Amino acid sequence: MGAVNFGYGISAARGMDLDRNDLGPAREIADEVPEFRACIACGGCTATCTAGNLTSFNFRMVHTLVRRGEYAGAYREMNKCMLCGKCRLVCPRGINTRGVVMQIKRKLGDY
Amino acid sequence: MKRSSWKEYEKEIADDHYYYARSCIRQNFFPGSETTFLRIMREALGKDIYDDPRHTSCTGIGYHSDIVPLDTTMAVVARQFALMTEAGYENIAISCITSFGLYTEILETWHEFPETEARARENLFKATGREFRKPANIAHTSDIVFHNREVIAAQAVRKLVNAETGAPLNIVEHIGCHYAKIFPKSGIGGSEFPYVLAGMVEEWGGRVVDYPERRHCCGFGFRNYIVQANRGFSIANSRKKLESMAPYKPDMMVANCPGCAMFLDKWQYAIAEMENVTYGADGRGIPVLTYEEMAGLVLGYDPWDMGMQMHQVDTEQVLQKMGVRYDPAAKFLGRAGKFIGAPAAAAVNTFSGDRIYRIKT
Amino acid sequence: MSSKRIVVIGGGPAGMQAALSLAAGGLKPVIVERAGELGGKLKEWHRLFPSMTEANEVLTRLTGEIAEAGVEVMLHTEVEGIALGEGGAHDGAPNGVVLAEGKKLPAGAVIVASGFDIFDARQKEEYGYHVYDNVFTTVDIERMLNGDKVALSDGTAPRRIAFVHCVGSRDEKVNQRHCSKVCCITAVKQAMELRERFPEAEIYSFYMDIRMFGPGYEELYQQAQQESHINFIRGRVSEASPTIDGRIQIKAEDTLVGRPLKMSVDMVVLAVGMKAAAGNEKLAASCDGLSLAPSGFLAPRDMFTGCVSSGAAGVFYAGTATAPKTIGECIAEGAMAAQRAAEYLKSGAKR
């Protein structure tokens, strides 16, 4: 193999490719918590999040990424959740957010 | 694809008597292309074009790298116009895409903000004692070749087809960003569906490849490659295009920008050496031609006379497909038959079955 | 007699309702319609948001009432401008409209219900409308729904569909800064209609803001998300390009996660906006007091108590001549303009 070092690498693409991402697990999660599909990404959950106010945990961001099939790190992120349930109280779409947390942990442990 | 919309972006291109503004970097990387352009203009088209040894860089690279201030750039461009005026010409033919974009941008700026023109005139006069008239017509040299594509087709010795099968060559055309992304109206076909190179390819018998990343920048980006630490995303842009075009099995690329032609060619070498990946259907790189070289092959010019030995990705595969007769032994012979040295073997030019870019589906 | 006649320019929903209300009040309306039949753009629509009422139901109700009331209708007739001169409600007031070849149609007042133009999606070159086969507009989709033939150009069913919002709205690049208001809900409605036809398809909707301003709209949006499984992605599509297998690749940023996104789809639907009618300029120039808003729509006297009045006595507005509106709003304005015109004639000149 060549592998010549010219002093720079080739940057990895940041873009999400919905042709390559496997949207199956995202669909399964939404089937378990159907109202999750009605999320409007208002960020209320993140605003009130106990963990998110002390760490870099951003529930809204992680579950939006999950819906696009970007699962890397999602399981680990969910471990920051303390399951206090405050997010469920603020959600204007009535989403069982704790259910979303648990589904992500159940379905995406391998990513 | 229905390419009819290009007709909404046609522009006035002068028919004769041009003042030639050369590119800085083309003379290093594709040294025969500008000579070929002059030969096409004079021999094939019978045009009058003045190649002025006094004119300089337009400062485009320095300008886009934030090294040269705009006032300086304007004064330098004003000087080129002064040289043109003194030589008795009023149609400027610009070889470099970034120069073309810069001249267009400056003329537009002078139009919108006349005080900047007054200042440029004053600066030029103070520095050199020169005065100028603005060009009556401004065209990129690819515009001029496009303008004459039918005349060239009438003199064609061969077409852009596979000489054995008669099938049209699959050709990726790449337009420099500064050609029409600054002012869509300044480019033939506008910025979304530029037709300047596609028109040549179609007129001369080739088939244009429409691939998803056709509009994407090659990644040249001045600052992005000048600073070594930034080259990772310069090269990543070329790779993105190469990955996108590879499934179409292009026989060659053609570009109208000095930087694009250089980077699409040379980054293939770097990617092959770094990651052992090539993008041509046969396991080698995809040759990148300038439009002058493409026109020259159609007109029967000798590839080595056009400087095609200077390409990073060997062009022999295209020459063979087109049935161009050339002397392999003469590739690295200079003017007086003197050996000019040959490059070391590179992964991008050596066939290897396991190196072909795997088309992901 | 002619002072009791009121010319209604345009036979769409606003114009038809204006004429009906005038006739009910004992006045003599005449609808001047450019096309060969009444109905305006409603004729081409399939179902109406948010109730999914058939457009034809609304259309036939209005045209039926017009016929029943015996309203005079002049089809295939273009209006060149407002006529000025003697014989109006008072000196110098409009006294009718000018038709082709300078022919004059006398009237005591004029109601302008001349509607809007549909934004020409070809102007957004980067979306490839009329360049790639499977890029459609929401207008095309209504037409296809009407003919019950929603399919790709080769007749097959799409497996992946993307709606693109704000095509020709909120876009300086095409000189359309205004929000066309109805396109969001139209795209939501159509996405749900396509879901019914293509239960297996993935359907995406790329939006900048979702503007659900009407009764039942937000509920429909939520239903589209939750029940119809429409994936809404916040980000403007930047370009469409062809893929090797004849599909269309689109790019956008998913602005909610801050990363670029690309995907290939079988069908792109451009939610085209409402553009000011090309004839507005000529009409406004024909009469002192008429003026255009920066968007090119006709400017009402004010946006509150004078929303159906113009700056000229005796000239009234109804419907989308002044701004993008829903069918219901157009009909409400038609009735209101009729009432104002009747008051104007009764008071003999004062506004």
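Me: Does Arg14(A) count as buried or exposed, and why?
Reply: In this predicted model, Arg14(A) belongs to the segment before strand S1 (16–17) of chain A. Because Arg14(A) has 10 C-beta neighbours inside 10 Å, its class is exposed.

Me: How many bridges join S1(A) to S17(C), and which residue stands opposite Met16(A)?
Reply: S1(A) and S17(C) run parallel and are joined by two bridges. In S17(C), the residue opposite Met16(A) is Leu261(C).

Me: Which residue of the hairpin of S16(C) and S17(C) takes a positive phi?
Reply: Strand S16 (residues 248–254) of chain C runs antiparallel to S17(C), with seven bridges between them. Within this pairing, Ala252(C) stands opposite Leu261(C). The hairpin has four residues between the strands, and the positive phi, near 70°, belongs to Gly258(C).

Me: Why is strand S17 of chain C described as largely enclosed, and how many of its residues are buried?
Reply: Burial here requires 20 or more other C-beta atoms within 10 Å. Strand S17 covers residues 259–265 of chain C, and it is largely enclosed by the rest of the structure because the buried residues number five of the seven.

Me: How spread out is chain A, and what is its radius of gyration?
Reply: Chain A has six helices and one strand, in the order β-α-α-α-α-α-α from the N terminus. Its C-alpha atoms fill a box of roughly 55 × 30 × 25 Å along the principal axes. For 111 residues the globule rule gives 13 Å; chain A is well over that value and therefore more spread out than a compact globule, with a radius of gyration of 16 Å.

Me: What radius of gyration does chain B have, and how does it stand against the value for a compact globule?
Reply: The secondary structure of chain B consists of 15 helices and eight strands, and its C-alpha trace spans about 65 × 50 × 45 Å along the principal axes. A compact globule of 361 residues would have a radius of gyration near 21 Å, and chain B agrees with this at 20 Å.

Me: What percentage of the residues is buried in chain A, and what percentage in chain B?
Reply: Of the 111 residues of chain A, 33% count as buried. For the 361 residues of chain B, the buried part is 49%.

Me: Which element gives the largest share of the side of chain B that touches chain A?
Reply: The contact joins 17 residues of chain B to eleven residues of chain A. Two or more residues on the chain B side come from each of helix H12 (231–245) and helix H13 (258–275). By class, that side has nine nonpolar, three polar and five charged residues. Its largest share, seven residues, comes from H12(B).

Me: How many residues does the domain 2 side give to the contact with domain 1 of chain C?
Reply: The domain assignment divides chain C into domain 1 (2–115 + 277–346) and domain 2 (119–274), with C-alpha centres 32 Å apart. Domain 1 gives ten residues to the contact, and domain 2 gives 19 residues.

Technical notes:
Residues are numbered from 1 along each chain as its sequence is written. Chains are lettered from A and ligands numbered from 1 in the order in which they are written. This is a predicted model: local features need pLDDT of at least 70, side-chain atom pairs count only at pLDDT 80 or more; totals for chains, interfaces and linings use all residues. Domain bounds come from an automatic or database domain assignment. Two residues are in contact if their C-beta atoms, placed from the backbone, lie within 7 Å. Ala, Val, Leu, Ile, Met, Phe, Trp, Tyr, Cys and Pro count as nonpolar, Asp, Glu, Lys and Arg as charged, and the others, Gly among them, as polar. A residue is buried if 20 or more other C-beta atoms lie within 10 Å of its own, exposed if 12 or fewer, and partly exposed in between; C-beta atoms are placed from the backbone. The radius of gyration is taken over C-alpha atoms; the globule rule is 2.2 Å times the number of residues to the power 0.38. Two strands pair if DSSP finds at least two bridges between them.
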